[in-house]
Amino acid sequence: MEIFDLIVIGGGPGGYLCAERAAEKKLSVALFEEKSLGGTCLNEGCIPTKALLNSAKLYRHAKDSGVFGVGAADVTYDHEKAVARKDAVVKSLVSGVAATMRRHKVRVINARAKAAGRSDGAFKVEAQGETFLAKRLCIASGSETAVPPIPGLKEALKCGRVLTNREILDLKGLPASLTVIGGGVIGLEMAYYFSSVGVDVTVLELLDKIAGGTDTDVSNALLAECAGRGMAFHLSSRVLEVTEDAVIFENKDGRQETRSALVLLSAGRRAKTEGLGLETLGIEQARGAIITDKHLCTNAAGVYAVGDCNGRLMLAHTAYREAEVAVNHMLGIKDEMRYEHIPAVIYTDPEAAGVGETKQSAQEKGFDVREITVPMQYAGRYAAETEKGSGFCKLVLETRTKRLLGLHLLGPYASEMILAAELMLDTRLPYERLQRLVFPHPTVGEVIRETLFKI
Ligand code: NAI
């Protein structure tokens with residue numbers, strides 16, 4: 001029986017890139033995927049949401065462009081057409097991944113796989129009643145929607161009154177109203193989409209701020225922008241029950257309820273590790289997530305875990321890098337995973353993006369920090385293109401050394417600009433050196449230059 005150099009379980013960004021990189025280095029690779037190649041990111045996450053969000057943004061801009069001299073009467077929105085386009089984009093990218101696997105001679109097996117211990121030093125994997133063997137194993141099984149123990153929630157999910165990020169992307173029509181449980185990244189992006197296309201949206205959030213670990217000023221300004229567009233927010237609100245026609249919650253004003261046609265559950269995700277046979281290899285987990293070290297090795301030699309299933313940072317771009325680090329470890333190439341400068345983006349309009357420490361996280365690590373904030377209005381292009389925008393750039397610095405610890409943005413193109421900030425942090429270049437960079441003019445990114453000159 002063939003013994004593969006590597007078996008990868010899971011065909012999302014972590015899994016398919018692991019397979020691709022390993023195959024590029026001439027390892028023989030089998031990749032198991034039970035659903036569709038591309039995983040959550042391509043099929044029900046990053047890509048489809050960006051397609052829909054762009055449709056919503058174009059619609060809103062078309063409606064609100066009078067001040068720019070654009071008169072557009074009878075602007076309409078066709079949700080089904082936007083969904084059809086989204087589906088076409090997903091299909092094309094998924095077939096692109098399949099083609100890449102073929103090109104690299106990765107054997108893709110469309111089946112649910114399960115580890116089944118070892119045999120003569122090789123790892124055994126079972127799928128469709130067959131046994132496969134490999135010298136190494138990489139688990140890239142992803143994550144799934146976390147379902148908090150709220151009375152009535154499971155039943156409501158079953159009957160389709162409460163949806164997750166997966167089902168909500170395929171709605172045939174628009175609901176009149178939507179309650180969103182959880183004001184994190186998924187909740188905000190979906191709230192932005194549905195609200196922009198005319199749905200009455202209410203967001204319930206347990207914490208006293210939206211967007212979790214995001215810089216507090218960015219989070220507050222984003223909340224103000226979203227509220228200004230008509231979305232309703234209830235912060236510090238605990239959901240008590242989901243009934244047939246309402247979501248009951250409690251906050252400082254007491255017990256309340258929202259009634260809506262549909263409910264979205266976006267209260268976090270959890271690593272998907274059940275039923276993978278991990279116990280047959282003695283793989284250690286913490287709260288359902290596989291424990292990994294800086295090389296993405298698990299406690300079982302030769303077994304790696306990349307992407308959401310290790311519960312570190314549930315982001316596709318983290319999974320990509322983890323996959324490369326894991327393959328480098330397999331090949332004996334010196335490399336290690338660093339999590340401190342991984343950018344985070346929320347694709348609302350305006351966009352929010354950040355990298356490195358916030359003031360709060362830096363202080364928790366014992367840094368004495370200073371913040372410098374500059375409005376985006378300082379950048380000529382922003383002023384030229386934006387009406388009444390609340391965009392800004394914030395630097396977090398270590399007070400004594402003036403070392404850059406973090407950078408946070410709210411505004412257009414923030415998702416594209418944040419890479420520059422990541423480079424600044426990762427290269428640890430002193431601010432005097434960064435001040436000598438020439439930024440193209442006019443660009444919104446010049447706000448970063450303006451901020452550097454306030455140090
Ligand atoms: P999240 O962790 O970002 O947000 C969940 C929110 O729900 C938190 O603010 C939490 O306080 C709140 N919450 C939890 N239980 C609650 C309850 N019972 N009632 C009210 N609020 C409650 O998780 P989310 O939005 O589900 O996203 C999951 C993962 O997907 C995240 O790791 C995220 O980074 C990733 N993702 C990334 C995107 C991006 O990079 N643009 C887009 C979408 C998802």
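Student: Let's start with Y192: is it buried or exposed?

Tutor: Keep in mind that this is a predicted model. The general idea is to compare relative accessible area with a cut-off: under 20% counts as buried. Y192 has a relative accessible area of 1%, so it is buried.

Student: Which helix does Y192 lie in?

Tutor: That's α7, which covers residues 185–196.

Student: And what is Y192 in contact with, leaving aside its neighbours within four places in sequence?

Tutor: Here you look for heavy atoms within 4.5 Å. For Y192 that gives L53, K57, R60, R229, M231, T348 and D349. With R60 there's also a polar contact, side chain to side chain, at 3.1 Å. T348 is 156 residues away from Y192 along the chain, yet their C-alpha atoms are separated by 6.2 Å.

Student: Now a whole helix. Why is α1 described as largely enclosed by the rest of the structure?

Tutor: For a helix, you count its buried residues. In α1 that's 10 of the 12, so the rest of the structure largely encloses it. Among them are Y16, L17, C18 and E20.

Student: What do the buried residues of α1 pack against?

Tutor: Strands β1 (3–9), β2 (29–32) and β6 (130–139), plus helices α2 (39–44), α4 (79–103) and α9 (316–331).

Student: How far does α1 reach from its first C-alpha to its last?

Tutor: You set the span against the one expected at 1.5 Å a residue. Helix α1, residues 13–24, reaches 16 Å, close to the expected 16 Å. Just after α1, K26 takes a positive phi of about 70 degrees.

Conventions
Residues numbered from 1 in each chain as written. Predicted model: local features only at pLDDT ≥ 70, side-chain atom pairs only at ≥ 80, totals over all residues. Heavy atoms only, no water. Helix = DSSP H or I, 4+ residues; strand = E, 2+ residues; numbered from the N terminus. Expected span 1.5 Å × (residues − 1). Buried < 20%, exposed > 50% of the residue type's maximum accessible area, 1.4 Å probe, protein only. Polar contact = N/O pair within 3.5 Å; in protein donor to acceptor, adjacent residues only side chain to side chain.
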